[in-house]
Amino acid sequence: PQGIGSPSVYHAVIVIFLEFFAWGLLTAPTLVVLHETFPKHTFLMNGLIQGVKGLLSFLSAPLIGALSDVWGRKSFLLLTVFFTCAPIPLMKISPWWYFAVISVSGVFAVTFSVVFAYVADITQEHERSMAYGLVSATFAASLVTSPAIGAYLGRAYGDSLVVVLATAIALLDICFILVAVPESLPEKMRPASWGAPISWEQADPFASLKKVGQDSIVLLICITVFLSYLPEAGQYSSFFLYLRQIMGFSSESVAAFIAVLGILSIIAQTIVLSLLMRSIGNKNTILLGLGFQILQLAWYGFGSEPWMMWAAGAVAAMSSITFPAVSALVSRTADADQQGVVQGMITGIRGLCNGLGPALYGFIFYIFHVELNELPMPESSSGGSVVAQYHLQQNSIIPGPPFLFGACSVLLALLVALFIPEHTNLNVRSSNWKKHCGNHGHPHSPQAPGEAKEPLLQDTNV
């Protein structure tokens, strides 16, 4: 009676595509509304909004994941998509409420967590990586196309039409979940009592982080992930605003930049990553990715011309190989009954960075007085603007201070990664880790112990 057909990966793919296609349409209008709503301290407010959302997502993801084991995936897919897309119509109704609801919506902005659990329910172990890759590629594809479409429609017909279209697509996604998506968790796998299996241990977002220090190799990997992903998370939260208002990019140029970067990243994470893993090995691939990330962030920090941003973007695509290489290293070196815990620790650290990174970048922009004190002027044919030239004169030596901070952080990550051995087994305290797997796993899933805990808060690599 529920949904159309049997549960499949394609149901999850469509849910992800519609949700992020709707948000991608709003890329250009959001940058304009953000500046109009917070004309002073724009970067600081943007960092705080995204930081609060990221921290709330990190705190709520384990609880939502545990509850979805009890109540089923479909209800939580509906809940997360609804609350994630709830702010969209408020953009034109009340910008202040729009940004306030975005911050609070972080409690339920964990669609990826539920989608990955949905995929885990219906796939075998040997096909799960391919299914996750399909979901991530769909996310990238939605962001490759939607910002350009939104920028074109906004320029031709106004931002109000873009907001209405994004709202309609979000409603379509909700209706698709209600009508077409079948439940992936069989009724017999759910407990008789709803509240019985939920414990504080399962809902504790810091539970996986507490296990970091039990093995020196795990500790090195986690420190590397934290130092490299912290600036990446901050960069994603503010970089398109930086391009639009400080570097003088037009809305179309920002959309084209996102599309080109997305396509190059997909190529880097598939073809290039495969070639590098076979030719130079896992650890050297990680080091190479970190090296590209340092170069990219330094280029962003010192770059003062639009062409420099485009060149650095190409380098950024190559730096996207780092996290898949880290995940592969962990997968190869961890024991079968520790895969879920170690991967969960890494994705937990990334979730924490999603909260800390944006706030840190906003604060650094603020203390270096990179502010937007004038309304943006119409762009010239060369892509420049009076505002961009005015700010570049003020900050001609270091236009983007947070990016240089990020380069220093990734340099430390590179130094830490040098000490990670190429081939080793993570011989951690087996009893504690297996107990941890048992406490945090999906107790009602028919998977093997090593697959008991699917990563929550797993982020896309693009």
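1. The largest nonpolar core has 112 residues. Within this core, I221, Y242 and M309 touch the most other members. Helix α11 (residues 216-245) supplies the largest share, 14 residues. Bear in mind that this is a predicted model.

2. Where does this core sit relative to the domains? Domain 1 (1-184) and domain 2 (209-372 + 399-422) both contribute residues to the core, so the core lies between them. As background, nonpolar side chains in soluble globular proteins tend to be buried together.

3. Take M309 in detail. Setting aside neighbours within four places in sequence, M309 contacts F239, Y242, L243, M247, F249, F257, W299, Y300 and G303. One of these partners, Y242, is also among the residues that touch the most other core members.

4. Now the cysteines. The structure holds 0 disulfides. C222 is buried, because its relative accessibility is 3% and the cut-off for buried is under 20%. C353 is buried as well, with a relative accessible area of 0%.

5. Next, a helix pair. Two packed helices are described by the angle and the distance between their axes. The axes of helix α3 (residues 42-71) and helix α6 (residues 95-104) come within 7 Å. They cross at roughly 30°. Angles under 35 degrees count as roughly parallel, so α3 is roughly parallel to α6.

6. Which residues make the contact between α3 and α6? From α3 come I49, V52, K53 and L56. From α6 come F99, I102, S103 and V104.

Terms used. Residues are numbered from 1 along each chain as its sequence is written. This is a predicted model: local features need pLDDT of at least 70, side-chain atom pairs count only at pLDDT 80 or more; totals for chains, interfaces and linings use all residues. Side-chain values use heavy atoms; hydrogens and water are left out. A disulfide is a pair of cysteine sulfur atoms within 2.5 Å. Buried means under 20% relative accessible area, exposed over 50%, partly exposed in between (1.4 Å probe, protein chains only). A nonpolar core is a set of buried Ala, Val, Leu, Ile, Met, Phe, Trp, Tyr and Cys residues joined through side-chain atoms within 4.5 Å. Helices (H or I, at least four residues) and strands (E, at least two) are DSSP runs, numbered from the N terminus. Domain bounds come from an automatic or database domain assignment. Contact means heavy atoms within 4.5 Å. Axes are lines fitted to C-alpha atoms, for helices over the stretch in contact, and angles run from 0 to 180 degrees between N-to-C directions. Angles under 35 degrees count as roughly parallel, over 145 as roughly antiparallel, 65 to 115 as roughly perpendicular and the rest as oblique.
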